[in-house]
Amino acid sequence: MKAGSTAVKPVGDAGSPVSPTGGRPDIEGVRRAAWRQRLSRLDTLVSPYVFVSPFFLLFVVVGMFPLAYTAWVSVHDWGLLAGRGDFAGADNYRRVLEDRYFWNALRNTISIFLLSSIPQVLIALGLAGLLDTQLRARGLWRMSVLLPFVVAPAAVALIFGNVFGDRYGLANEVVQAIGLDPIRWHVDTLASHLAIASMVNWRWTGYNALIFLAAMQAVPRDVYESAALDGAGRIRQFVSMTVPMIRPTVLFVVITSTIGGLQIFAEPRLFDTQGLGGSDRQYQTLTMYLWELGWRVRDLGMASAVAWLLFLIIIIFALVNLLVSRRAGTLRGQR
Amino acid sequence: MQTPNTRRVRLATSALLALTLATTAAACGGDDGDEGGTTADGKIKLTVATFNEFGYEELIEEYNAMQDEVVVEQKKAGTANEHQDNLYTKLAAGSGLSDIEAIEVDWWAALMEQSDAFVDLSDPEVESRWLDWKTEAATSPDGALIGYGTDIGPEGICYRSDLFKKAGLPTDREEVAQLFGTWDDYFETGRDFVEKVPDVAWYDASGATAQAMINQVEYSFEDEDNNVIAADNPEVKEVFDTVTAMAEEGLSTNLVQWSEDWTASFQDDGFATMACPGWMLGVIEGNAEGVKGWDIANVFPGGGGNWGGSYLTVPAQGDNVEEAKELAKWLTAPEQQIKAFQAKGTFPSQVDALDDPALTGTTSEFFNGAPTGEILAERAEAVPFIAHKGPKFADINTAFQQAIQRVDEGKESADEAWDSFLADVERLG
């Protein structure tokens, strides 16, 4: 009772227009309320940003800083062991763009990227569709597709290196058993790209399949029931309903695999002994080229220029991807 | 009916999960060498980074047993290239190197430009421990001793006596030595061999033979003042022409040295001979495990030749530089190097080791009881000079090897490959 009355009192005071001296505390009270209101508005406005800021602060440290520092290195003469030399302007970029091995590496990167990413996304989609059905031992199947992902890339390269041996490899024994000529996996450009792409696919398909699976499980089941009533078969359901409904996830996977695909390094790097991507650099990728400049030629300036060019290329690819996927999505939606 | 089934599935699932976690843990557990500099029980931990086979396994155990202050661990890289990449990266980063780093003679010159990054190892105790040229090469312009010599690579010819027999060639190592006086003789015998045994090549890799020949050229890719002369040097062109011509005649396996196929060819009767520096004996013994018939002839085409050989250095960035220096001094002492030689064939660069009966009396059971110590000591005496290797040697050599490989693989004709080699040299500046 008492507590209630004391709590009411200031409100009464503030509301009373009679007291001539009570004006001051009144204004004080209004001000305080306004302040509190402003604070709470600020709270709803700012708090979310404060809560997400650790990520961005970390991103500035481990993402933006290296990016900026690489740009700084790329406009200088900079030896791996000798350190910073003179300001060089765009000279490093010019030298990279004039180097035929840069264009060679770009071609290889795009080829390996296409050979790996496209089958990878398609197979992952199909695999996820199969895993989304009422399988026995579902957990086992779902987890086993992730197994390749946890094996270290170096170990994968080692095993596949033996499988794809030109003369004594397992793959060629199979090829010869069918009666075909052995394939020169380390020599011929396309064969080497296929071998490397298969290593990449082996590692990433299961991972992408699980991401698709997670999205597919969010698709409401009753939609399928009505489709089944309308006479749509399993495949028809998958193509016309499941895939369009998980479009944002597909977009996400396409973009992440583009970013990853353009930076393929470990698999081709470990595919030969010199580390330069074959005798004719037939499978030297851009990251390997960057590494060659930085650590073999020991020119960090040029290597940094390549890093920035690669960054720009990835942005262009991601944008093109985004546009194409959007357009494909809307077309299907309209139909 | 349902319950046992579900339980079985769950069991399988958890087993798989356990396996998955184990694999991940194994994958993450690979790199543990860089922390601290002390072990859990307060001893100083020293790491020694080597490549291929240095023959240090038993020596390190011996050292660990000998004293209580220091625990030594070896980190072995599979190839010299891999080791070199690691070295450059960590040198540039200023941290992460082992307390002792082995350095191969081919890239020694490039690292000498960074001699500040290594501890001066000069010590009255080790004066005149090594052959003069070995020490000279490890001394920086301002007189600091950067590395302690480990081995040198005097070359003989290793051969498969069983395959020689098949081809009707002599099998006794004294008689075989008569066949290989010059490179021409060596290739001529090779032609004869591949005619009689068509499925077996004469030597292991074009690149390896080219490397052996380049090591016999005093100034191959760079002249005395380290100007690049690779493009105009007739001796380099001759090596290139010879090796590519021989490959065309079917003398080479056309495989790349150190590749998976190359390693596998030791088990598949891939070839009959190879250039054999001392340290190669350990490599052959490992790759050709179980294969009978290997032997070594006391001869090298065109006189003598030295291929490779290494030093131990102590990077200045280490935490326990003094202890590392002590260990390096101990490992490169003549007595220890002889043991390494007996284990893996790394031939000593130490003067006192060369006429030590423990060395000259060494025989190898794998190589048909050959007196490897005596043979390699004689091969070392036959080395007329040590080829000059400047800071660009390793880079140009890689381009040279790749050009030869392109011809081997049929990607380019010899002329095209030579032209692209010239372009590569130009690019390396």
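Visitor: How many helices and strands are there in chain A?
Guide: This is a predicted model. In chain A the secondary structure consists of 15 helices and two strands.

Visitor: What share of the residues in chain A is buried?
Guide: A residue counts as buried when its relative accessible area is under 20%. Chain A has 335 residues, and the buried share of them is 40%.

Visitor: Among contacts in chain A with a separation of 6 or more, what percentage comes from residues 24 or more positions apart?
Guide: The contacts considered here are those in chain A with a separation of 6 or more. Residues 24 or more positions apart account for a share of 65%.

Visitor: How far apart are the mean positions of the positive and negative charges of chain A?
Guide: Chain A carries 31 positive and 22 negative charges. The distance between their mean positions is 10 Å.

Visitor: Where does Thr109(A) lie, and which residues does it touch?
Guide: Thr109(A) belongs to helix α4 (residues 100-131) of chain A. Its relative accessibility is 2%, so Thr109(A) counts as buried. Residues up to four places away in sequence set aside, Thr109(A) touches Gly261(A), Leu262(A), Thr285(A) and Leu286(A).

Visitor: What is the C-alpha distance between Thr109(A) and Arg138(A)?
Guide: In sequence, Thr109(A) and Arg138(A) are 29 residues apart. In space, their C-alpha atoms are apart by 36 Å.

Visitor: Is Thr258(A) buried or exposed, and which residues is it in contact with?
Guide: Thr258(A) sits in helix α12 (residues 247-261) of chain A. With a relative accessible area of 2%, Thr258(A) is buried. Neighbours within four places in sequence aside, its contacts are Phe113(A), Phe317(A) and Asn321(A).

Visitor: Is Arg36(A) buried or exposed?
Guide: Arg36(A) is part of helix α2 (residues 23-74) of chain A. Its C-alpha atom is separated by 75 Å from that of Asp166(A), 130 residues apart along the chain. The relative accessibility of Arg36(A) is 56%, and the cut-off is over 50%, so Arg36(A) counts as exposed.

Visitor: Why is α14(A) described as largely enclosed by the rest of the structure?
Guide: The buried residues of α14(A) include Leu286(A), Tyr289(A), Trp291(A), Glu292(A) and Arg296(A). Just after α14(A), Arg298(A) takes a positive phi of about 60 degrees. The helix α14(A) is largely enclosed because its buried residues number 10 of the 11.

Visitor: What is the phi of Arg281(A), and where does this residue lie?
Guide: Most residues other than glycine have a negative phi. Arg281(A) is not a glycine, yet its phi is positive, at about 55 degrees. With 4% relative accessibility, Arg281(A) counts as buried. Its place is the loop between α13 (266-269) and α14 (286-296) of chain A.

Visitor: Which loop of chain B holds Asp269(B), a residue with a positive phi?
Guide: The phi of Asp269(B) is about 50 degrees, although this residue is not a glycine. At 32% relative accessibility, Asp269(B) counts as partly exposed. Asp269(B) lies in the loop between α11 (260-265) and β6 (271-277) of chain B.

Visitor: How many aromatic pairs are there over all chains, and why does the pair of Phe240(B) and Phe400(B) count as tilted?
Guide: The count over all chains is 49 aromatic pairs. In the pair of Phe240(B) and Phe400(B), the ring centres are 6.1 Å apart. Planes under 30 degrees apart count as stacked and those over 60 as edge-to-face. The planes of this pair are at 55 degrees, so the pair is tilted.

Visitor: Which parts of chain B does the pair of Phe240(B) and Phe400(B) tie together?
Guide: Both Phe240(B) and Phe400(B) are buried. The pair ties together parts that are 160 residues apart in sequence, because Phe240(B) is in helix α10 (residues 234-248) and Phe400(B) in helix α18 (residues 393-408).

Notes
Residues numbered from 1 in each chain as written. Chains lettered and ligands numbered in written order. Predicted model: local features only at pLDDT ≥ 70, side-chain atom pairs only at ≥ 80, totals over all residues. Heavy atoms only, no water. Helix = DSSP H or I, 4+ residues; strand = E, 2+ residues; numbered from the N terminus. Buried < 20%, exposed > 50% of the residue type's maximum accessible area, 1.4 Å probe, protein only. Contact = heavy atoms within 4.5 Å. Lys, Arg positive; Asp, Glu negative; His and termini not counted. Charge placed at Lys NZ, Arg CZ, Asp CG, Glu CD. Phe/Tyr/Trp six-rings, centres within 6.5 Å; stacked < 30°, edge-to-face > 60°.
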